[in-house]
Amino acid sequence: MIRANFYIGALVIGVWLVCTWMVNISISNHVPASPRFAKKSHLHSSNKSKIAAIADDDGSDSKLPRGRKNDSPIKIEPQHLRNYEDKSTSSPYYLPPALHPVKKYKSQHYNMTEYCCQMTNDPIIHKGPRIDCPGICHTHHACAANSTYPFRSLAEKDAWKLNDIMWNKKKSDGYEQLKEKCDAKTRMLHPSFDWCLQWFWDDKISNYTTRHAGPTETDEKLIDQTIHKINFQKISKYSHQNIYPEKSSLPPPGCSLITEGAGSGSYQHLILFPSAKLAVCGIYKVGSTQWLQFLRFVLGAKDYQSNPHSKPDVKMMSFDKLSKDLQMKILNDPEWKFATFLRDPAERLLSTYLDRVSGKDEIQTGWFRKSYNLRKRPSFSEFVEYISRNRTQCPFRQGNPTTDRLFGVDWCADPHWRPQTFNCGLSEFLPRFSYIGSLDNAETQSRALLEEVGLWDDFGKYYHWNVNKSENRGFECSLFPPELKVGDTLIGFQQRPKAKNGSHGHTASDTAYGHSTSAQSKLAKYYTPKLMETVKRLYRKDFELWDMVKVESKFLSGGKLAVRISRECQRRALTMS
């Protein structure tokens with residue numbers, strides 16, 4: 001009897017243990033991971049579900065999720081506006097320094113010197129009557145005697161070597177050498193499109209230069225049949241090495257230091273984010289102003305909403321201003337990621353016309369007419385006729401304003417209508433760019449890029465834009481940071497806020513200071529079939545790249561684009577595979 005009771009008790013205990021074990025398993029499948037492991041799990045899942053496509057270094061292109069991420073935009077609460085300087089980035093009420101409020105004086109017509117000052121680390125001393133445009137406004141720590149701004153630390157400042165020409169142009173040791181190189185390259189108005197030079201410059205083929213036309217219909221069919229044979233992972237290591245701009249057809253980096261902007265070559269508009277090792281090619285009329293403003297937001301400039309083009313912190317983060325050694329290090333360092341966005345060439349040209357030639361801003365359009373000696377505003381067809389004329393030399397020096405400086409769609413054309421492919425080495429070192437997107441997809445792709453390089457969580461999602469252009473006329477260089485109030489929503493960099501009716505509003509690209517033209521909606525109004533045919537001829541290479549990018553909702557890698565646009569690059573890629 002006792003033995004039977006023992007066995008029954010043991011059986012009951014065994015059943016209880018089994019049931020307890022099964023319940024624990026069930027609970028563990030539904031309870032979130034502990035904080036110690038949650039972060040790792042979160043990073044793993046976010047890498048799988050980027051908000052936009054990310055082209056891997058091996059040339060593969062990941063898919064773009066159809067919808068926005070579930071995380072909501074940041075809404076300002078009272079805690080955001082208290083003790084903001086004491087909060088770390090891990091605080092739920094953190095705000096980037098660029099959004100910290102500043103003191104405003106009561107006078108409506110304030111003295112610029114009360115708000116703006118000469119940046120301590122600016123190599124150029126400004127002696128003009130106004131310091132707002134070439135200076136830093138509302139960010140006085142940038143002008144302190146021991147300031148490291150725009151760098152995060154003294155070590156970063158010391159490592160960021162600028163070209164000596166910035167400090168003392170004609171007395172610099174490298175001035176005459178660089179001038180000779182820049183002058184020599186100006187003789188070729190239409191250099192060849194080599195696309196993938198770094199794939200050919202190795203120990204065995206040290207000075208190989210490709211010469212080829214674009215793909216024909218047959219080539220496209222052959223590429224589609226053979227592209228799966230290319231091992232992009234294997235050839236990726238050749239995409240960010242052996243990059244020597246001085247050996248290519250276009251002027252080398254740094255020419256803008258010689259010419260002060262005229263005929264500057266392609267590297268002047270390469271925007272650098274040192275903390276993230278990100279290089280963004282800021283092509284004019286393709287959102288370049290917004291990227292410059294975002295760069296200043298990341299650096300902590302409280303006047304980041306201002307016109308950024310003459311600001312000293314922006315100039316110090318320009319690739320052209322760096323020493324040659326640092327330029328070469330960035331170009332050939334695989335840790336540095338290169339990205340760019342392209343735009344419909346016809347739409348971009350129309351946007352240039354509406355903004356620079358026939359815009360509502362009389363100061364801007366008047367400057368354009370004066371620069372090119374135009375007595376009246378040309379019509380769009382007249383403007384296209386001007387730039388379609390050929391010229392025999394590049395206006396390398398600014399010189400006297402003449403109408404014939406409008407002529408020519410070539411490498412030394414005004415950067416507002418210079419071919420997109422002549423920017424940042426795209427026509428020569430296309431595989432160096434891991435992320436090539438479309439302005440039409442800037443909302444999703446910009447966020448994906450910033451997430452990939454680690455700039456979204458600390459800066460991108462906090463980006464805020466709030467400028468009344470009519471009220472700030474005349475103060476474009478000294479705009480205050482947004483006045484945040486409880487209940488305001490921070491949409492994020494280039495994100496499209498939702499309107500009350502559920503539709504999406506404008507992005508920062510649409511509303512940048514003085515650049516909104518709505519060109520896309522006006523194409524039919526300005527373009528005739530004949531005019532469109534002319535523009536397609538003038539921008540043939542731009543259209544070839546655009547036709548590949550426009551159909552994709554994801555980033556494309558420069559390596560895959562190179563093998564589609566060039567027979568030589570395709571053959572070389574097959575050989576390297």
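Analyst: Happy to. A disulfide here is a pair of cysteine sulfur atoms within 2.5 Å. By that rule, cysteine 281 is joined to cysteine 424, S to S 2.1 Å.

User: Is this an experimental or a predicted model, and how do I read the numbering?
Analyst: This is a predicted model, where local features need pLDDT of at least 70, side-chain atom pairs count only at pLDDT 80 or more, and totals for chains, interfaces and linings use all residues. Residues are numbered from 1 along each chain as its sequence is written, and side-chain values use heavy atoms, with hydrogens and water left out.

User: Back to disulfides: how many does a search of the whole structure find?
Analyst: Six.

User: Which hand does the link of cysteine 281 and cysteine 424 have?
Analyst: That link is right-handed, with 85° about the S-S bond. Cysteine 281 lies in strand β5 (residues 278-281) and cysteine 424 in the loop between α14 (380-387) and β7 (433-438), so the pair ties together parts 143 residues apart in sequence. Helices (H or I, at least four residues) and strands (E, at least two) are DSSP runs, numbered from the N terminus.

User: Are cysteine 281 and cysteine 424 buried or exposed?
Analyst: Both cysteine 281 and cysteine 424 are buried. Buried means under 20% relative accessible area, exposed over 50%, and partly exposed in between (1.4 Å probe, protein chains only).

User: What about cysteine 182, which cysteine does a disulfide join it to?
Analyst: Cysteine 255, with S to S 2.0 Å. Cysteine 182 is in helix α5 (residues 175-185), while cysteine 255 sits in the loop between α7 (232-235) and α8 (256-259), 73 residues apart. The torsion about their S-S bond is about -100°, so this disulfide is left-handed.

User: And cysteine 117, what does it pair with?
Analyst: Cysteine 117 forms a disulfide with cysteine 143, their sulfur atoms 1.9 Å apart. Cysteine 117 belongs to strand β2 (residues 116-117) and cysteine 143 to the loop between β3 and α4, 26 residues apart.

User: Now my histidine. Where does histidine 138 lie?
Analyst: Histidine 138 is in the loop between β3 (136-137) and α4 (154-159). It is buried, with a relative accessible area of 6%.

User: What is histidine 138 in contact with?
Analyst: Leaving aside neighbours within four places in sequence, the contacts of histidine 138 include Val102, Tyr115, Asp303 and Phe480; contact means heavy atoms within 4.5 Å. Ser478 is also among them, and the backbone oxygen of serine 478 lies 2.9 Å from a polar atom of the histidine 138 side chain.

Technical notes: Polar contact = N/O pair within 3.5 Å; in protein donor to acceptor, adjacent residues only side chain to side chain.
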